[in-house]
Amino acid sequence: MGDSTPLLSESSEPPLLQKHLPSLDSTIELFLGDFGWAQFLQAIIVSFSWFFDAQQTFITVFTDAEPNWHCTSSSCNSSFSNLCQLPNSSWDWDRPKHVSIISEWALECSGSFITGLPASSFFIGCLIGGLVLSTLADSSLGRKKMLFLSCLMMSFTTLLTAFSTNIWIYSFLRFVTGFGRATIGTSALVLSTELVGKRWRGQVGIVGFFCFTLGFLSLPAIGYTHQSHSWRTLYFLTSIPTLFYSILVHFLVRESPRWLFVRGRKEDAISTLKCISPSITMSFSSLSFEQETWNVDLYSAIGVLVKRKWAFRRLCAVMGTGFGIGMVYYGMPLALGSLDFNLYLSVTLNALSELPASLVAFFLIGKLNRRSSLLVFTILSGVCSILSVLKGFNPWAELQIGLELVSFFSACSAFNVLLIFTIELFPTCVRNSALSMVRQAVVLGGVFSPMLAAAGRANGGVVSYGVFGVVVGVCGLFVVCLPETRGRGICDTMVEEEHKETANCIAVGLVV
């Protein structure tokens, strides 16, 4: 039933799902099994792109930080918070000027818009890049080429950023870096999970989250060991390994057989399957698969998602939830400077809090209901974010950072579950595009984060963390509109997904 027969036929006979051709999910499990070492190796290589992605996402926490300063004359009072009202000759930075763009380019009095411009430019670049490039992995380029080109572009622009001469060139290069890396996480996640069956799909997806955590955790280590060096050193040290990784992806990573089958490249898909599992000896000549009847071009995948009511409803719900999660996920590390705590230690603790979030997802993703867990994590994140800056509630810095960590941990856990949830909600032919749109919603939340973080520096983070908490708590309520997907097989075509949706509705009707 791979033809263009409408979902609801004029005949009174109900659709018979058992007549459908086998799905790619069942076929890959039949020939490769649930999981193998070749699949594991590819998942590790592909997922490691998240390591470099994390470095560029949070690198401005250190390169754009405002350094500590001290008085150099008797006319200066070190307890005075606004150094812009002090004579330039009465104070100096604690460390060399080149450790941050703020001190090197004398931006300490430029206002929150200018100082937050590089970070906001990065997220705006991510947003635009995701909108422009999101469907290329589903259409002409595929998962592997998209991942390779994104990593390559990110490495080159990161290297060029180290040669910036002013805030405007620097912000532009951060924008281009964000544009280039926009599809890294999506392509890596989809490529690694489309090779395995439903039993291990969630665990394979979590590998990327572990790598992202390691990349985030590497920043305070690099920053602390090079805290007297120029901020440009951080860009040098993070760009060169990314370049070598891009070359590794080009030569070692295989394209997704699911995508190849959906695109009609059956011989390439079979070659990939045999390469991953050389023990396969069965003939593929008799196999047939449901194929899409529409042509995938640059924006047709998004168009199909919008035209089908069930897909549009799901897309809006996960994007709304992603917006709130993104504001907290990207905003909290940027706002740590407003808390009364050591910056290197607080960033390290935030990075470490991603590890238990990834562990929770890795070991419990098969047991967690997607909807209820997302609801719990978003509400918990919102409540703790507000409590962390509530006047009179947290008299000690340790309690404040503790509540902040719980909030960030909950946001990380919600982000991990949301990505896996999105993979399970949409079929193969539009999965990469749907996941890209969700990530763009997450990034859109991140666009507002630098400005909110800068606005919170003057009041101890009340504005920033207060807004973070309200937004993530409200946006988390959108998940109640989504169907539960735990333990359900994924579909490969829109027709197959619609048949499954119709069958579920019929089954509910019979029960009622």
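Me: Is tyrosine 329 buried or exposed?
Reply: Tyrosine 329 is buried, at 2% relative accessibility. Buried means under 20% relative accessible area, exposed over 50%, and partly exposed in between, using a 1.4 Å probe and protein chains only. This is a predicted model, where local features need pLDDT of at least 70 and side-chain atom pairs count only at pLDDT 80 or more, while totals for chains, interfaces and linings use all residues. Residues are numbered from 1 along each chain as its sequence is written, and side-chain values use heavy atoms, leaving out hydrogens and water.

Me: Why is the pair of phenylalanine 58 and tyrosine 329 called edge-to-face?
Reply: Because their planes are at 65°, with the ring centres 6.2 Å apart.

Me: And which parts does that pair tie together?
Reply: Phenylalanine 58 lies in helix H3 and tyrosine 329 in helix H15, so the pair ties together parts 271 residues apart in sequence. Helices (H or I, at least four residues) and strands (E, at least two) are DSSP runs, numbered from the N terminus. Phenylalanine 58 is buried too, with a relative accessible area of 1%.

Me: New topic: what lies over the face of tryptophan 50?
Reply: That's arginine 439, at 5.4 Å from the ring centre. A charge sits over a ring if NZ of Lys or CZ of Arg is within 6 Å of the ring centre and within 35 degrees of the ring normal.

Definitions and conventions
Phe/Tyr/Trp six-rings, centres within 6.5 Å; stacked < 30°, edge-to-face > 60°.
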